[in-house]
Amino acid sequence: MTDAPKMRPRAFRLDELSPGAARDFVLEERPDAFEAETALLIGDPGERATEEAQAQGFLRGGAFSWGGLLLSSLGGLAAFAFGLWLDQLVESLFARSTALGWIGVGLAALAILAFCALIAREALAIFRQRKVALLHKALALAHEADDRDAARAKIGELVALYHNRPALAGARAHLAELRGEIVDGRDLIDIAERQLMPALDSAARQEIAGAAKRVSLVAAISPRAMIDMIFVAAQALRLIRRISQIYGGRPGLLGAWRLARAVGAHLAITGGMALTDGLAQQIIGHGLAAKVSARLGEGVLNGTLTARIGLSAVSVCRPMPFAALKAPTLADVAPFLFGDKGKAESAKAQP
Amino acid sequence: MSALTDLFSEARNSAANVAEVLMRGRGLRLGVTGLSRAGKTVFITALAQHLTTLANVAAEGRKNPLPVFRLAAENRLQAGRLAPQPDDHVARFAFEDHLGALTGPDRHWPQSTRQISELRLRLDFERRAGFRQGPSSFTIDIVDYPGEWLLDLPLLEKSYADWSRETFEASAAAARAPLAADWRGFSVSLDPAGRADEALARQAAELFTAYLRAARAEAYSLSTLPPGRFLMPGDLEGSPALTFAPLPLPEGHAIASGTLAAMMERRYEAYKSHVVKPFFRDHFARLDRQIVLVDALSALNSGPAAMRDLQHALDEVLAAFRVGRGNPLTRFFQPKIDKILIAATKADHLHHLSHDRLEAILRQATARAISRSEFSGAKVDVIALAAVRATREAAVRRGRETLDAIVGTPLAGERLDGEVFDGKTEAAIFPGQLPADPALAFRGDGLALPESEAEVRFLRFRPPVPNFGGDGKPLPAPHIRLDRAFQFLFGDRLS
């Protein structure tokens, strides 16, 4: 376009035409680019919910609380008690025989080493989850402000997050190349999302669908309510851990707790605005299924619940907001719960 | 002696600053400047109008007009209002008058800045981050001053002889020589070593002022024209401090007392101590954030020589800022400007597809100054901005070609493409294309190019037809990237 012959400045009057006269040009109103941008920025309450949930789950600072103080002081006392007990044990072993004593010392040392390693791994896992949440926030901000420098830096971090995924090697190389070129911040983030995320998104979707299926099946056939409650809880926990892993998090034990808290917060926040998200379908589906059999109704309900937990987990674990790609809905991940209509929709969503 | 007075004035500054910070509470001083016609007044009017009406947006069911501004996006502003300003000896920014001009029945752009003025805004908002969360308030002191005054600041370092020589050299450049011919001719006839003569001094000053004024005229749109008060004398008009002019001093000339040169030198020094220094001390040295508005479009209209002149002026302006990242303690005693926004105003006068190019050109014009400021730790950003958006976008199709045009009402007397506008007719304008390579905008000697040679021609438009809210008060006009400017300038302090 720049090499085309230079077009001279031009003016076209738009005053009232005298009767019978006609203009020799056509004025086409265009949709306003700035309004479109504004709509883009305002229109996403889901993104705010995600950031809020992440802040509640992963980014909580070390705020003071009496409960925390109680736990830490009790923990300190327990550690002392344990140390004392260990000391006595080793001493009594030495009293019996020196060889036994040395074996005891060795075992204690191994136990302490393993404990330290576990702690380090937990800390690393929490650190990594925190990093993913911060990355999400920074990318959302850079996308919003169309900030080229921030986008470049953060896309670098994002690519580094997936450095050990062979399936994403092509996308990584392309992005590394693109980072040096002149691309607008927002476009760069959109490109990164289109390159990196679809594979991960579909893996997460499959996980959710699998879990929802298993849960509804077990609920429909389990002999006792207790069993399917435990099964649902275990499946939900497993599902959110899997999703976190898919998106590059490494949930440990404490990490899983934080993750669950973030997912819970997200469910609570989005619960209020889920009406658009097929809640009517849920209720109708549950109602119809319950008419056929109470068990079947329970199965459908448990399946939907699991799928919703999975969707929340996707929102809080994903290192970037849904911008270029559409966020999956309940009908996308669990079409079997909604019958043919859901299937048709999800087929449309994935050309 | 001079070191001692400097130390003394620094101490006084610090004391004044501490007193002010204690009185004010949380807040910042925002400097708004730009060479004349850059749109300072419109920017401040829009800023104040947006921030004072923002809290009602949700209640009135309007769409949030500032989505990038986090305070607005997160709906945390409870109230914004104008408050009495801290400095009683400075004029108040006539917000109501300017708003009236923009939205009155005969809508027109407000009168330009002639002097320094101030406006204080107080925002009540919810803090979300930091040590203390919950309700809080924040004060923004807006200081509006002509950018020409900034060009005076380098004079503080220059002697009369240096300044004379530089001014003569600048006026000999191809772009300026025809404008300066009268004054140069007269100056050459003067004898610096002759007797001091008030009539001669006044005539020289008048011719010199006429030259500056001609260079400032719209057709030329030159920018680097110190001393700034010659163009905006205010209450100093006719005083000796403004009645001097450069003289052609020979190299190594020793100025003897009683001569014309000695009189000129004394007045030059008086200008520095009575005009430049008080401005620096009382206003300029106390700013926390700064926005520099640049009317790149009229310089682009004029031609590459005007662009180079603008580049030089911006370089001088930005060199004047006391930049650097401060810590809370220095912020208390000696504020430094830690963020500078350079904004190309009137971005609504060209199609949004060209905004990136406009930003690139401005970035090129300020590249040196930006790297210098960033080196000292300040953040600098460049955006294309329109505080009030007077046009909308459309495409014009004639035959087989389609042009991306803007539609608005050009001001009376604007002319383009054989049309002369009367200020009532709407028109679709295709202003031409900015060069893809920003360096091209600075290459060449063109100045005050006629339309037939210019590659771009930006017309000025009338303000948009105002909308009124339920209470009969005007609603803020549409804008372009004003929210981004807000977020950059003070969004980080309102988190």
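Colleague: Let's start with chain A: how many residues of domain 2 of chain A are in contact with domain 1 of chain A?

Modeller: Happy to look, bearing in mind that this is a predicted model. The domain assignment places domain 1 of chain A at 70–130 and domain 2 at 136–349. On the domain 1 side, 6 residues take part in the contacts, and on the domain 2 side the number is 9.

Colleague: How many charged residues are there on the side of domain 1 of chain A that touches domain 2 of chain A?

Modeller: Of the residues on that side of domain 1 of chain A, 2 are nonpolar and 1 is polar. The charged ones number 3.

Colleague: Over to chain B. How far apart are the C-alpha centres of its domain 1 and domain 2?

Modeller: Domain 1 of chain B is made of 2–145, 283–389 and 473–494, while domain 2 covers 157–273. The C-alpha centres of these two domains of chain B are separated by 33 Å.

Colleague: Which helix gives the largest share of the side of domain 1 of chain B that touches domain 2 of chain B?

Modeller: In chain B, 14 residues of domain 1 are in contact with 10 residues of domain 2. Helix 10 and helix 11 of chain B each supply at least two residues of that side of domain 1. The largest share, 7 residues, belongs to helix 11 of chain B.

Colleague: Which strand of chain B pairs in the parallel sense with strand 5 of chain B?

Modeller: Strand 4 (residues 117–127) of chain B runs antiparallel to strand 5 and is joined to it by 11 bridges, with B:Phe125 opposite B:Ser136. Elsewhere on strand 5, B:Thr139 has B:Gly27 opposite. The parallel pairing, over 6 bridges, is with strand 1 (residues 27–34) of chain B.

Colleague: Lastly, which strands are among those covering the buried residues of helix 13 of chain B?

Modeller: Helix 13 of chain B spans residues 355–365, and its buried residues include B:His355, B:Leu358 and B:Ile361. Helix 10 and helix 11 of chain B are part of the cover. The strands in that cover include strand 6, strand 7 and strand 8 of chain B.

Note on methods. Residues are numbered from 1 along each chain as its sequence is written. Chains are lettered from A and ligands numbered from 1 in the order in which they are written. This is a predicted model: local features need pLDDT of at least 70, side-chain atom pairs count only at pLDDT 80 or more; totals for chains, interfaces and linings use all residues. A residue is buried if 20 or more other C-beta atoms lie within 10 Å of its own, exposed if 12 or fewer, and partly exposed in between; C-beta atoms are placed from the backbone. Helices (H or I, at least four residues) and strands (E, at least two) are DSSP runs, numbered from the N terminus. Two residues are in contact if their C-beta atoms, placed from the backbone, lie within 7 Å. Two strands pair if DSSP finds at least two bridges between them. Domain bounds come from an automatic or database domain assignment. Ala, Val, Leu, Ile, Met, Phe, Trp, Tyr, Cys and Pro count as nonpolar, Asp, Glu, Lys and Arg as charged, and the others, Gly among them, as polar.
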